[in-house]
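Hi,

Here's the structure I promised to pass on.

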Amino acid sequence: MQTSELKHAQLKKWIEDAAALMQPDSVEVCDGTQAEYDRMIQITKDAGLATELNPQKRPGCVLFRSDPSDVARVEARTYIASKSKDDAGPTNNWVDPAELKKTMSELYKGSMKGRVMYVIPFSMGPVGSNIAKIGVEITDSPYVVANMHIMARVGSKVLDVLGKDGFFVPCFHSVGKPLSPGQKDNGVWPCAPMDKKYISHFPETREIWSYGSGYGGNALLGKKCLALRIASVLARDEGWLAEHMLILKITNPEGKVKYITGAFPSACGKTNLAMLIPTLPGWKVETVGDDIAWMKFGEDGRLYAINPEAGFFGVAPGTNNESNKNAMDTIQKNTIFTNVALTADKDVWWEGIGYDAPGEVTDWKGKPWKQDKANKEQEPAAHPNSRFTGPAKQCPVVAKEWEDPKGVPISAFLFGGRRPKTIPLVNQAKDWAHGVFMGSIVGSEVTAAALDVKAGTIRRDPFAMLPFCGYHMGDYFKHWLNLGKNAKDPSKLPKIFFVNWFRKNDAGKFIWPGYGDNSRVLAWIFDRCDGKGGAVETPIGTLPTPDAIVRPNGVSEDDMKEILKVDIEGWKAEIADVRANHYPKFGAKLPAELNDQLSAIEKRLAG
Ligand code: GTP
Ligand code: SPV
Ligand code: MN
């Protein structure tokens with residue numbers, strides 16, 4: 001479709017202005033059809049960027065290898081450009097919006113030369129739902145177009161809803177690698193050097209400008225940029241929640257259903273939990289979403305969640321038929337793989353896929369690679385943040401309600417992270433404010449999902465939103481507290497729990513087997529929501545009695561005691577760290593209620 005055919009005058013002008021600035025060879029408005037998707041894949045194949053996988057093994061699947069500088073989100077190059085620096089807060093990078101636009105306009109000048117400018121109208125949430133939000137992404141990357149086809153609802157049907165004057169979030173994206181006449185990508189992933197990359201958000205004007213990266217959350221702008229950073233600002237203003245949370249449906253042996261959401265930092269197990277196959281007989285888990293939840297109160301006073309996305313952009317390493325069979329089945333066809341290894345017969349392989357690499361494979365850098373299990377230092381064949389982009393509708397356990405525009409009523413919120421010590425397997429908050437306190441102090445070992453933070457160290461990641469909150473984190477805590485205070489019926493608020501699948505013993509081995517066995521913890525949580533399940537009050541929260549959770553294979557009674565005990569000394573150190581290093585960051589914006597929670601737990605720990 002041509003820009004001239006557009007009915008929305010403001011959209012048309014915005015596109016024309018962008019084209020004048022970025023100077024693409026041509027402009028194309030995306031229609032969202034299969035033919036368009038196929039054409040994008042063909043273009044990337046012709047450019048030497050995509051490899052078609054074995055059609056017998058992985059029909060409709062392709063593999064991309066990105067540039068080694070462009071393999072994850074770049075938090076140091078991510079900006080919240082609010083008018084006032086104080087609105088971005090201590091956890092976000094800030095630049096004055098006018099200055100940032102000036103800098104980036106210079107970069108955008110001619111940045112699409114030699115390329116096509118694609119205009120992608122997309123809906124986060126079911127098209128036409130009143131919870132959904134519309135964005136329009138301008139990009140020069142056919143890889144981004146193809147990924148957006150899977151991750152969001154895109155094309156003409158979105159333009160129909162937008163009509164002549166509907167609201168949309170304008171999103172600019174350019175890989176920042178113009179081509180000179182006759183030049184081709186020739187198998188080289190296009191992106192700009194690190195110091196030219198910008199992932200920018202303008203919260204007041206609800207705009208997103210991204211430059212220089214083609215990867216994941218940096219480039220698929222509906223995901224973290226719109227559905228979290230901009231949406232968190234809308235949610236604050238309008239009284240709802242936009243969260244880095246999975247959404248699951250759980251059915252107990254009596255056929256009773258509940259919906260649970262969970263916030264864990266990047267690469268800490270949301271996709272896995274959302275698709276888990278319970279090892280507890282009679283229980284069933286189905287998937288509503290694996291990364292983002294938007295939640296609003298319904299007429300009945302309950303909080304309802306929708307998944308704004310349409311696909312999964314999941315971590316490949318560690319995904320196998322044991323850990324996540326449902327994800328493995330989802331990505332059997334029509335899936336885009338990025339930075340995994342390629343086998344000789346054109347299938348994918350990664351560390352933790354469940355079997356050894358079949359002979360010589362091609363690693364994510366395109367080099368021959370042979371597994372050497374004796375060499376503990378061997379570089380992985382798949383990048384630790386290699387990903388699959390697969391359609392949610394292909395998930396064998398996608399819940400029938402997953403596209404219901406009114407969402408699903410939430411009974412429990414989980415918070416968690418990778419904590420080798422101290423933090424117990426599960427801990428129920430005493431009340432809403434205590435739960436918000438728990439969310440505010442989430443800490444986790446850093447993973448490979450971001451390029452510029454040191455993996456392996458523990459950092460505080462409040463509500464798993466540290467890289468995704470579009471405003472001052474202190475105001476965000478306040479928003480959460482207010483939501484509880486203003487609830488029509490506080491008894492209908494979700495119960496809050498803190499979970500930790502990642503406790504390790506002194507030998508560095510996980511004590512809890514995790515994955516499907518996490519259903520045992522979900523079952524306790526399910527019962528707690530009904531006021532049942534063995535529980536003891538402790539200084540840190542409400543913990544299960546030793547026999548309340550059915551022990552999985554390989555977990556001894558002593559192991560269970562270890563991961564359910566209250567480590568008083570460890571907690572004193574934890575809380576002292578919050579007091580000395582975490583809470584002071586928020587200054588006067590730290591809500592008094594959270595300070596009260598901190599003092600109260602200090603007192604309880606002192607006994
Ligand atoms: P993002 O997409 O980055 O937001 O990540 P995510 O939170 O969805 O994490 P994901 O489910 O993709 O898991 C990331 C890594 O953690 C994978 O390598 C998993 O195999 C591993 N993992 C997930 N669940 C568990 C668990 O219960 N125990 C252990 N030990 N590892 C897990
Ligand atoms: C995350 O890092 O939390 C992701 C991947 O889900 S990305 O889309 O790259 O942000
Ligand atoms: Mn995520």
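Below are my notes on the domains and on one helix.

This is a predicted model, where local features need pLDDT of at least 70 and side-chain atom pairs count only at pLDDT 80 or more, while totals for chains, interfaces and linings use all residues. Residues are numbered from 1 along each chain as its sequence is written, and side-chain values use heavy atoms, with hydrogens and water left out.

Domains first: the chain splits into domain 1 (3-49 + 74-238), domain 2 (242-308 + 398-606) and domain 3 (312-394), with bounds from an automatic or database domain assignment. The centres of domains 2 and 3, taken over C-alpha atoms, are 29 Å apart. Twelve residues of domain 2 and 13 residues of domain 3 make the contact (heavy atoms within 4.5 Å).

About 1,100 Å² is buried between domain 2 and domain 3, with 64% of that from carbon and sulfur atoms (accessible area, 1.4 Å probe, lost on putting the two parts together, summed over both).

Now the helix (a DSSP run of H or I, at least four residues). Eight of the nine residues of α11 (residues 432-440) are buried, so the rest of the structure largely encloses it (buried is under 20% relative accessible area, 1.4 Å probe, protein chains only). Among them are Trp-432, Phe-437 and Met-438. Where α11 starts, a side-chain oxygen of Asp-431 comes within 3.3 Å of the backbone nitrogen of Ala-433.

Cheers

Terms used. Chains lettered and ligands numbered in written order. Buried < 20%, exposed > 50% of the residue type's maximum accessible area, 1.4 Å probe, protein only. Helix = DSSP H or I, 4+ residues; strand = E, 2+ residues; numbered from the N terminus. Polar contact = N/O pair within 3.5 Å; in protein donor to acceptor, adjacent residues only side chain to side chain.
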